[in-house]
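Here are my notes for you on this one, to be read with the structure open beside them.

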Amino acid sequence: MDPGAPFAYVAPYMSKPVAIEGRAASQPALWSDYLQLLKPRVMSLVVFTAATGLVCADQSINPLLGAVAVFCIAIGAGASGALNMWFDADIDGRMRRTRARPVPAGKVRGAEAATLGIVLSLFSVMLLGMTTNWLAAGLLAFTIYFYVVVYTMWLKRWTPQNIVIGGLAGALPPAIGWAAAAGETPLNAWLMVLIIFMWTPPHAWALALYTSEDYAKVGVPMMPVAKGAASTRKQILIYSLLFTPICQIPAFTGLGGPVYLAVSALGGAVFLLLAWRVFRSRAGDAPDERIEGEDRLYAVRAGSKDARNLFAFSILYLTLLFAALLAEHLARIAPLELL
Amino acid sequence: MTSLQDDTPPVTAAPVDTAALDKARRGRNIALALGLVVFILLVYGVTLVRMGGHIASRPL
């Protein structure tokens with residue numbers, strides 16, 4: 001046994017209670033390890049989308065209260081991340097992408113991660129409620145519950161539709177931001193939620209197409225593992241065909257302006273093109289035994305490249321969509337209201 | 001008699017780098033202290049904004 005290896009990695013079938021309590025004492029936990037538990041990169045996306053929702057509400061809110069509201073939503077998202085890392089430590093330790101996380105790496109005990117997650121959940125919900133209103137706080141509490149209990153503990157290891165349904169948790173921050181500013185969530189707030197919700201499947205499955213070996217190894221039924229790469233590529237295309245028209249709707253409902261319409265239309269065309277390329281590729285397929293030599297490797301690599309391109313562009317596209325909305329509302333550019 | 005003897009080697013604890021442990025603990029404590037200060041300032045600022053106007057308008 002390699003003493004430097006993560007405990008869950010060398011004991012893949014260790015029961016969860018043992019796995020989460022175990023700890024390699026070789027490395028003392030740094031403050032940055034606890035910060036890592038909060039998934040800072042996910043938090044940055046949540047901050048961005050929640051702030052966009054808050055600004056798009058077009059309500060005058062004290063800047064300090066607005067900043068605290070976004071801070072609370074970010075901390076709530078971080079708390080969800082810590083609870084996710086506690087519960088998933090047993091599988092995280094066996095996947096390349098996640099085995100360096102603080103709990104499977106043995107830097108932070110599972111119980112500590114869980115405690116941090118619970119404390120920050122309570123803190124973020126209570127402070128958001130007292131700072132803004134209890135509709136926003138209730139939505140934040142629901143988001144944390146949905147991500148930790150419904151997605152992490154239930155759906156993730158049970159169904160290939162895990163990220164489709166679980167994606168709701170990642171989609172809700174704009175509605176929370178809107179509720180924090182306005183005390184209500186009109187249709188335009190839910191339209192922003194719908195955009196992120198429909199964006200999640202092609203985004204996550206594009207990634208899963210070239211990391212499916214990891215998921216298969218730990219028994220997480222991601223779509224390429226459960227239904228195969230060809231089915232996944234087809235579903236990516238179907239979701240993209242639904243997602244890109246939905247992105248145009250804000251220009252018709254008084255949410256988006258001319259900049260938004262241009263970004264969503266041009267970006268949507270590129271998104272569809274990339275999704276079509278993934279559909280036509282062999283991304284996620286096992287190497288074809290009939291192809292000889294280097295050609296065989298190249299065929300698989302080319303498909304992976306298409307999936308990587310879609311994955312990277314999906315992040316850029318969502319960022320541009322929300323940046324356009326944010327910029328238009330800050331600059332007070334009148335929305336189009338084409339309907 | 002050999003079957004009654006414990007042949008497993010004695011468990012030796014991994015060497016502990018006390019200096020590294022102290023440094024890590026100090027870093028964690030400073031981060032925690034900063035977090036608490038930020039929390040106090042947040043509650044103080046939010047209280048001023050949320051209640052300030054009402055307090056000013058209360059009859060003496």
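**Notes on the model**

1. Start with confidence: chain A has a mean pLDDT of 88, and 86% of its residues reach 70 or more. (pLDDT is the predictor's confidence in each residue, from 0 to 100.) Over residues 1-24 of chain A the pLDDT is below 50, and beyond near neighbours in sequence this stretch has 38 contacts in the model; two residues are in contact if their C-beta atoms, placed from the backbone, lie within 7 Å. Where pLDDT is low, the predicted coordinates should not be read in detail.

2. Some housekeeping. This is a predicted model, in which local features need pLDDT of at least 70 and side-chain atom pairs count only at pLDDT 80 or more, while totals for chains, interfaces and linings use all residues. Residues are numbered from 1 along each chain as its sequence is written, and chains are lettered from A and ligands numbered from 1 in the order in which they are written.

3. Now the domains of chain A: domain 1 covers 31-185 and domain 2 covers 187-339, with bounds that come from an automatic or database domain assignment. Taken over C-alpha atoms, their centres are 22 Å apart. Domain 1 puts 27 residues into the contact and domain 2 puts in 26. On the domain 1 side, the elements giving two or more residues are helix 4 (40-56), helix 9 and helix 10 (173-182) of chain A. Helices here are DSSP runs (H or I, at least four residues), numbered from the N terminus. That side of domain 1 divides into 14 nonpolar, 7 polar and 6 charged residues. Ala, Val, Leu, Ile, Met, Phe, Trp, Tyr, Cys and Pro count as nonpolar, Asp, Glu, Lys and Arg as charged, and the others, Gly among them, as polar.

4. The axes of helix 8 (residues 134-155) and helix 9 of chain A come within 8 Å and cross at roughly 165°, so the two are roughly antiparallel (over 145 degrees). Axes are lines fitted to C-alpha atoms, for helices over the stretch in contact, and angles run from 0 to 180 degrees between N-to-C directions. Among the residues that meet are A:Phe146 and A:Tyr147 in helix 8, and A:Ile165 and A:Leu168 in helix 9. This contact has 8 nonpolar residues, 3 polar and no charged.

5. How do helix 9 and helix 11 of chain A lie relative to each other? Helix 11 (residues 187-209) packs on helix 9 at about 135°, with the axes 8 Å apart, and the pair is therefore oblique. Residues that meet include A:Val164 and A:Leu168 in helix 9, with A:Phe197 and A:Pro201 in helix 11. The contact divides into 9 nonpolar, 3 polar and no charged residues.

6. Next, helix 14 (residues 229-248) and helix 15 (residues 258-280) of chain A: their axes come within 9 Å and cross at roughly 175°, so these two are roughly antiparallel. A:Arg233 and A:Lys234 in helix 14 are among the residues taking part, as are A:Phe271 and A:Trp276 in helix 15. The contact includes 2 charged residues, beside 10 nonpolar and 5 polar.

7. Last, the partner chain. Chain B has a mean pLDDT of 78, and 62% of its residues reach 70 or more. The contact takes 11 residues from chain B and 11 residues from chain A; the chain B side has 8 nonpolar, 2 polar and 1 charged. For the complex, the predictor gives an ipTM of 0.72 and a pTM of 0.84.

Methods
Parallel < 35°, antiparallel > 145°, perpendicular 65-115°, else oblique.
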